[in-house]
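Work through the exercises below with the model open. Each task is followed by a solution in steps.

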Amino acid sequence: MKSIKKIVLSILAGAAIALGGIIFLLIKSLNTSNWMSILASYSFSIGLILVLIFGLWLFTGKIGYVFEKKFTFFDFIIMFFGNFVGAIVIGYLAYFIFKNTGLYEINFVTTVTKLNDFNFGDLLLSGILCGMFVYAAVESFKIKKLNIAVRIFLVVAFIGTFVALKLNHCIANMFYISFSNTWSWKALLFILVNTLANSIGAIALNFSKQIILTLFDR
């Protein structure tokens, strides 16, 4: 029964991030001005806010704690594939609903360009930085001493910034690729490299936090 709950929480997390992607694209499609693009970027954070409030299992939100042994290796496998399913289901629902609209065109052009310009070095750097931003957002939400409004503001700030900087988030990209219906071996490789990079970024920031805490405990 516990495994079923973990699977459901993981699928819902992927769907939540996909929902954030839809909101981002909807706002972006309304107007091409810089201000609207910024608003769209920060609106994407709704996905992670839902994940954090409802305690959903998001791979990129938990991989940073891999060495703290809060989760098993099997838990991370469930998270990754559950997120994958959630993002793909919402992505293809969006594809069938919006495929003849400007919303689809915006996502299609952006996603195809991203995949065609796929460079390992750039993707690694982008993914590592993104992983750090996501980890920082999750950590901020955990600070119980802060008012809930402040914690949510910090999540919005971190997540919106990584989107505005056009950094790559593996679960979000699963949604974008599904919505554009552009899955291929190259797209799958893109996701795997993106996942590795996000993981490195989150783990590195967690490791840095542990070192700082150790130094202050002396």
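**Exercise 1. Find the residues in contact with Phe44, leaving aside its neighbours within four places in sequence.**

Step 1. Contact means heavy atoms within 4.5 Å. By this rule Phe44 touches Ile17, Gly20, Gly21 and Phe24, and also Ile159, Phe162, Val163, Ala172 and Tyr176.

Step 2. Note the basis of the values: the model is predicted, local features need pLDDT of at least 70, side-chain atom pairs count only at pLDDT 80 or more, and totals for chains, interfaces and linings use all residues. Residues are numbered from 1 along each chain as its sequence is written, and side-chain values use heavy atoms, with hydrogens and water left out.

Step 3. Buried means under 20% relative accessible area, exposed over 50%, and partly exposed in between (1.4 Å probe, protein chains only).

Step 4. Helices here are DSSP runs (H or I, at least four residues), numbered from the N terminus.

**Exercise 2. Describe how H1 packs against H2 and against H9.**

Step 1. H1 (residues 2-30) and H2 (residues 34-43) pack at about 170°, with axes 8 Å apart. Axes are lines fitted to C-alpha atoms, for helices over the stretch in contact, and angles run from 0 to 180 degrees between N-to-C directions. H1 is therefore roughly antiparallel to H2; angles under 35 degrees count as roughly parallel, over 145 as roughly antiparallel, 65 to 115 as roughly perpendicular and the rest as oblique.

Step 2. On the H1 side the contact is made by Ile23, Phe24, Ile27 and Lys28, and on the H2 side by Met36, Leu39, Ala40, Ser41 and Ser43. By class, this contact has 6 nonpolar, 2 polar and 1 charged residues. Here Ala, Val, Leu, Ile, Met, Phe, Trp, Tyr, Cys and Pro count as nonpolar, Asp, Glu, Lys and Arg as charged, and the others, Gly among them, as polar.

Step 3. For H1 and H9 the angle is about 65° and the axes are 9 Å apart.

Step 4. H1 meets H9 through Gly14, Ile17, Ala18, Gly21, Ile22, Phe24 and Leu25, while H9 contributes Ile171, Ala172, Phe175, Tyr176 and Phe179. These residues divide into 10 nonpolar, 2 polar and no charged.

**Exercise 3. Describe H3 and its packing against H7.**

Step 1. The buried residues of H3 are Gly47, Leu48, Ile49, Val51 and Leu52, and they pack against H1, H7 and H8.

Step 2. H3 (residues 46-54) and H7 (residues 120-141) pack at about 40°, with axes 11 Å apart. The two helices are therefore oblique to each other, and their crossing is right-handed.

Step 3. Leu48, Leu52 and Ile53 of H3 make the contact with Ala137, Val138 and Phe141 of H7. By class there are 6 nonpolar, no polar and no charged residues.

Step 4. Gly55 follows H3 and has a positive phi, near 65°.

**Exercise 4. Decide whether Ser140, Lys69 and Lys166 are buried or exposed.**

Step 1. Ser140 is found in H7. Its relative accessibility is 7%, so Ser140 counts as buried. Leaving aside neighbours within four places in sequence, Ser140 is in contact with Arg151, Leu154 and Phe158.

Step 2. Lys69 sits in the loop between H4 (59-62) and H5. At 73% relative accessibility, Lys69 counts as exposed. Its phi is near 60°, a positive value in a residue other than glycine.

Step 3. Lys166 lies in the loop between H8 and H9. With a relative accessible area of 71%, Lys166 is exposed. The phi of Lys166 is positive, near 60°.

Methods: A crossing is left-handed if the near helix is turned anticlockwise from the far one by less than a right angle, and right-handed if clockwise.
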